[in-house]
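I opened my notebook to keep track of what I looked up in this one. Here are my entries, in the order I made them.

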Amino acid sequence: MGKDEAFPEKDLSFTKAERLLRPAEFAEARKLGKRLSARSFNIYLLENKLGRIRLGLAISSRAGGAVKRNRIKRLLREFFRLNKELFPASTDILITAKSVESIKGLKDVEEDIKAALSKARKNL
RNA sequence: GGAGGACGCCGGGCGGCCGCUGCCUAAAGGCAGAGGAAAGUCCGGACACCAAAGGGCAGGGAGGUCGCUAACGGCGACCGGGGGCGACCCCAGGGAAAGGGCCACAGAAAAGAUACCGCCCUGAAGUAAAAUUCAGGGUAAGGGUGAAAAGGCGGGGUAAUAGCCCACCAGCCUGCCGGGCGACCGGCAGGGCUUGGUAACCCCCUCCCGGUGCAAGGCCGAAUAGGUUCCGCUUGAAGGACUGCCCGUCCUUUUUCCUUACGGAAAGGCGGAACGGGUUGGCUGCUCGAGCGCGCCGGCAACGGCGCGCCAAGACGAAUGGCCGCCAUCCCUUUUAAAAGGGAGACAGGAUCCGGCUUACGGCGCCCUCCGGCA
RNA sequence: UGGGGCGUCGCCAAGCGGUAAGGCACGGGGUUUUGAUCCCCGCACCCGGAGGUUCGAAUCCUCCCGCCCCAG
């Protein structure tokens with residue numbers, strides 16, 4: 001955790017205000033959001049007027065049993081919590097599972113999503 | 001040592017930092033936070049609403065006996081049948097002389113034996129006599145088919161046969177005796193001689209079952225169009241003032257038709273039902289319960305009773321995760337050893353709650369059986 | 001949470017107690033100068049899996065596995 005000490009005031013929390021909570025919000029993000037493609041996930045980004053980023057996860061039963069799906073969601077949440085500054089501000093983010101077989105630990109998630117985000121930033 | 005069969009237990013432990021959900025608190029902070037299967041959703045309940053309130057039909061389910069249980073298709077003990085050398089295991093295990101259906105192929109015939117090849121008798125033709133052929137009759141011993149062929153074997157008997165008769169055996173039925181709550185078991189006597197299989201085909205018998213499911217249901221908010229129809233009440237109705245409320249009084253606003261009047265009808269008002277339309281937001285249900293642990297008692301057991309102690313997730317786009325240290329288990333390498341280094345750890349996660357069943361899976365313990373070796 | 005359906009050759013499928021049709025594809029042969037068309041032959045022994053009932057099971061029953069769909 002040594003690298004976190006460089007940002008002593010960094011916000012590591014993850015409360016309900018930072019999540020998508022209603023079906024309508026999910027549907028909107030999926031329909032109107034800009035889609036990024038990572039190797040294992042699809043990421044939808046949609047600007048909101050709240051002044052904060054919000055995360056929604058949709059892992060379908062195709063990804064596996066309950067244990068496997070929970071594991072993927074927990075890893076994604078953990079990555080989001082530790083790397084909020086990588087995402088554009090005031091945006092709804094929806095992450096969907098594509099093919100999740102290769103995800104074993106937090107490092108796999110980190111590499112995959114970081115690559116997708118930096119690629120998108122270059123294109124802008 | 002190998003192969004196998006029962007039964008039971010465990011499902012890593014301690015700690016730090018950063019997070020998540022709930023509860024407590026003024027706050028700081030503290031406490032709690034997935035399983036033996038939480039799973040599959042195969043049964044049974046609790047609970048809630050709707051319908052009915054009696055009886056029957058249809059439909060579905062259960063099926064040895066006795067118990068346990070809130071209930072069960074579950075569990076326990078026992079009985080019967082089957083499998084295994086054995087420890088042990090398996091069984092939808094009522095009825096086939098209530099009825100219907102089916103039993104391919106083969107075979108004469110697959111169930112009221114209309115008997116194919118045969119066997120036997122009689123008559124006719126034929127012949128020296130036979131053989132042989134035809135017609136009528138009596139038979140079911142022998143043959144082959146099949147999963148299955150109308151009790152088995154021996155003797156008597158007959159023209160040839162046949163439970164036609166007899167002995168023994170097997171099976172069935174009836175009666176009696178003994179044991180058991182019972183399923184059933186054991187024994188004796190008699191009878192008729194014999195009755196195929198299939199009910200996880202229809203069916204019959206006995207017993208059980210109303211439907212829908214916590215997205216049930218309740219409250220609030222928002223929104224749409226206080227829309228349409230029907231029923232009941234009301235001739236006056238609505239609003240305001242006095243008042244805590246009712247009655248009562250006063251004031252204001254607002255109708256039409258028929259009838260002398262009582263009254264009736266319509267509009268209006270109030271209440272209810274149905275249809276139609278809108279909303280998918282919050283709270284509740286929501287976790288203390290056929291509850292868990294320990295001890296004693298009753299019972300072969302399933303289980304029950306009593307006493308003491310305990311409170312152990314309650315989320316709702318849905319929480320139990322990430323990183324790290326130490327210990328324990330197992331594996332590999334180095335090493336005489338101690339020890340060091342590296343690695344591994346299954347099946348799988350609540351969604352109203354319980355009781356089972358089934359399936360998935362990593363280990364451990366104890367007992368038993370068979371086989372082999374050594375002493 | 002509850003309900004329904006499907007699984008048969010590489011693909012599409014019929015059969016629903018008596019030993020598995022058909023089409024496409026594939027392989028071989030024939031016809032043709034060659035190719036296409038056409039004709040003939042071949043191609044399922046584990047009917048998703050495991051038990052059970054039956055003389056006999058793709059078919060009936062039970063339990064699993066996989067896939068698809070529906071309701072609020």
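**Helix 2, the inside.** I started with the buried residues of helix 2, and they are I72, L75, L76, F79, F80 and L82. Buried means under 20% relative accessible area, exposed means over 50%, and partly exposed is in between (1.4 Å probe, protein chains only). I noted a general point here: an α-helix has 3.6 residues a turn, so residues three or four places apart point the same way. Next I asked what covers the buried residues of helix 2. The cover includes strand 2 (41-47), strand 3 (54-58), strand 4 (91-97) and helix 3 (106-123). Helices (H or I, at least four residues) and strands (E, at least two) are DSSP runs, numbered from the N terminus.

**A note on the model.** This is a predicted model, where local features need pLDDT of at least 70, side-chain atom pairs count only at pLDDT 80 or more, and totals for chains, interfaces and linings use all residues. Residues are numbered from 1 along each chain as its sequence is written, chains are lettered from A and ligands numbered from 1 in the order in which they are written, and side-chain values use heavy atoms, with hydrogens and water left out.

**R74.** R74 also sits in helix 2. Is R74 buried or exposed? R74 is exposed, at a relative accessible area of 55%. I also looked up R74 against L36: they are 38 residues apart in sequence and 21 Å apart in space, C-alpha to C-alpha.

**S90.** I then moved to the loop between helix 2 and strand 4, where S90 is found. Its phi is near 55 degrees, a positive value in a residue other than glycine. S90 is buried, with a relative accessible area of 16%.

**The whole chain.** I listed three helices and four strands for chain A, running α-β-β-β-α-β-α from the N terminus. Of its 124 residues, 41% count as buried. For contacts (heavy atoms within 4.5 Å), I looked at those in chain A with a separation of 6 or more: residues 24 or more positions apart account for 77% of them. My last entry is the box that the C-alpha atoms of chain A fill, roughly 40 × 35 × 30 Å along the principal axes.
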